[in-house]
Amino acid sequence: MCGANIGYVVTYIDREAGFAVASRKLALEKTQRAMARRRLQEGQVVEVSVVSVGRGVCTVNYGGYDVMLPQREVSYSIVPDLRATLRPGETRRAVVKEYNKDEKILKLPIKETTPHPFEGIEIRHPLKATRIATIVGKYGGGVFCRLSDNVTDVLCSYESMQYDGDYKVGDTVEVIISRYNEEKKLVYGKVLRKMH
């Protein structure tokens, strides 16, 4: 949480000993009560404060609510480590997906403030086109490759006679776009070769 701006309510002060006791929970509850008077609507874009960031999850705060976001709600692209893209104390835009003040539920995905990279994919990266990409992750039998536009990820398998051990995260490769999955908004391809 280093760098995050966090509110507290002081509940006790011992001036002789030189310390104070404070409660973040009371501060959050006070902010939530104030926010309950506002009319948040689904689809509304708000500024959230990043409180903490881990490898695959981050916590943002808005209106007294700490909301944990897994990587899939932060970015459309595969991000191996969120700490490379987010810092505590930053503010980001997020979309209100759900708000229930009675049950204290607030859902705020960050990624939905930007267009999905799948939109217009057939124009930017048509089928059978070859592209230069960087391997950003691995899965059983293939790799996640980020195209040079830095927003489009392609799930790539290997050509026959290629060995997974020859490829690692960070390698630059040539890929061919082989198909789209419209329903899941995914792009599939094959790794043709490693660039030297």
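K128 counts as exposed, because its relative accessibility of 70% lies over the 50% cut-off. The residue is found in the loop between α2 and β9, the latter spanning 130–139. Although K128 is not a glycine, its phi is positive, at about 75 degrees. These values, like those that follow, come from a predicted model.

## Loop residues

K104 also has a positive phi without being a glycine, in this case of about 55 degrees. Its place is the loop between β7 and β8.

A84 belongs to the loop that runs between β5 (65–70) and β6 (91–95). With a relative accessible area of 63%, A84 is exposed, because the value is over 50%. Between the C-alpha atoms of A84 and Q71 there is a separation of 12 Å, the two residues being 13 apart along the chain.

H116 occupies the loop between β8 (105–107) and α2 (121–124). Its relative accessible area is 17%, so H116 is buried, a class that requires a value under 20%. The side chain of H116 reaches the backbone nitrogen of F118 at 2.9 Å. When neighbours within four places in sequence are left aside, H116 is in contact with Y76 and K185.

## The open sheet and the helix across it

Four strands form an open sheet in the order β5-β4-β3-β6, and their pairing is antiparallel. The edge strands of this sheet are β5 and β6, each of which pairs on one side only. On average, neighbouring strands here are turned by 45 degrees against each other, with direction ignored. In general, the strands of a sheet pair through backbone hydrogen bonds, in either a parallel or an antiparallel manner.

Within this sheet, strand β4 (residues 57–62) is joined to β5 by six bridges, and the two run antiparallel. V60 has V67 in β5 as its bridge partner. Helix α1, made up of residues 24–35, lies across β3 (45–53), β4 and β5. The helix runs at about 95 degrees to β5.

A closed barrel is formed by five strands, which follow the course β9-β10-β11-β13-β12 with mixed pairing.

One of its pairings is that of β10 (residues 142–147) with β11 (residues 153–158), antiparallel and extending over five bridges. In this pairing, G142 stands opposite S157 in β11.

R146 also has its place in strand β10. What makes R146 count as buried? Its relative accessible area is 14%, and therefore falls under the 20% cut-off. The side chain of R146 is joined to that of D153 by a polar contact of 2.8 Å. Apart from residues up to four places away in sequence, R146 touches S77, I78, V79, A133, T134, V136, V151, T152 and D153.

## The hairpin of β1 and β2

Strand β1 (residues 9–14) pairs with strand β2 (residues 19–23) in the antiparallel sense, over five bridges. Y12 has V21 in β2 as its bridge partner. Together, β1 and β2 form a hairpin with four residues between them. In the turn, G18 has a positive phi of about 75 degrees.

## Aromatic rings and charges

Five aromatic pairs are found in a search of the whole structure. Among them is the pair of Y65 and Y99, whose ring centres are 6.2 Å apart; the planes stand at 90 degrees, so the pair is edge-to-face. This pair links distant parts of the chain, since Y65 belongs to strand β5 and Y99 to strand β7 (residues 98–100), 34 residues apart. Y65 and Y99 are both buried.

Terms used: Residues are numbered from 1 along each chain as its sequence is written. This is a predicted model: local features need pLDDT of at least 70, side-chain atom pairs count only at pLDDT 80 or more; totals for chains, interfaces and linings use all residues. Side-chain values use heavy atoms; hydrogens and water are left out. Buried means under 20% relative accessible area, exposed over 50%, partly exposed in between (1.4 Å probe, protein chains only). Rings of Phe, Tyr and Trp (its six-membered ring) pair if their centres lie within 6.5 Å; planes under 30 degrees apart count as stacked, over 60 as edge-to-face and the rest as tilted. Two strands pair if DSSP finds at least two bridges between them. Axes are lines fitted to C-alpha atoms, for helices over the stretch in contact, and angles run from 0 to 180 degrees between N-to-C directions. Contact means heavy atoms within 4.5 Å. A polar contact is a pair of N or O atoms within 3.5 Å; within protein, one must be able to donate a hydrogen and the other to accept it, and residues adjacent in sequence count only if both atoms are side-chain atoms.
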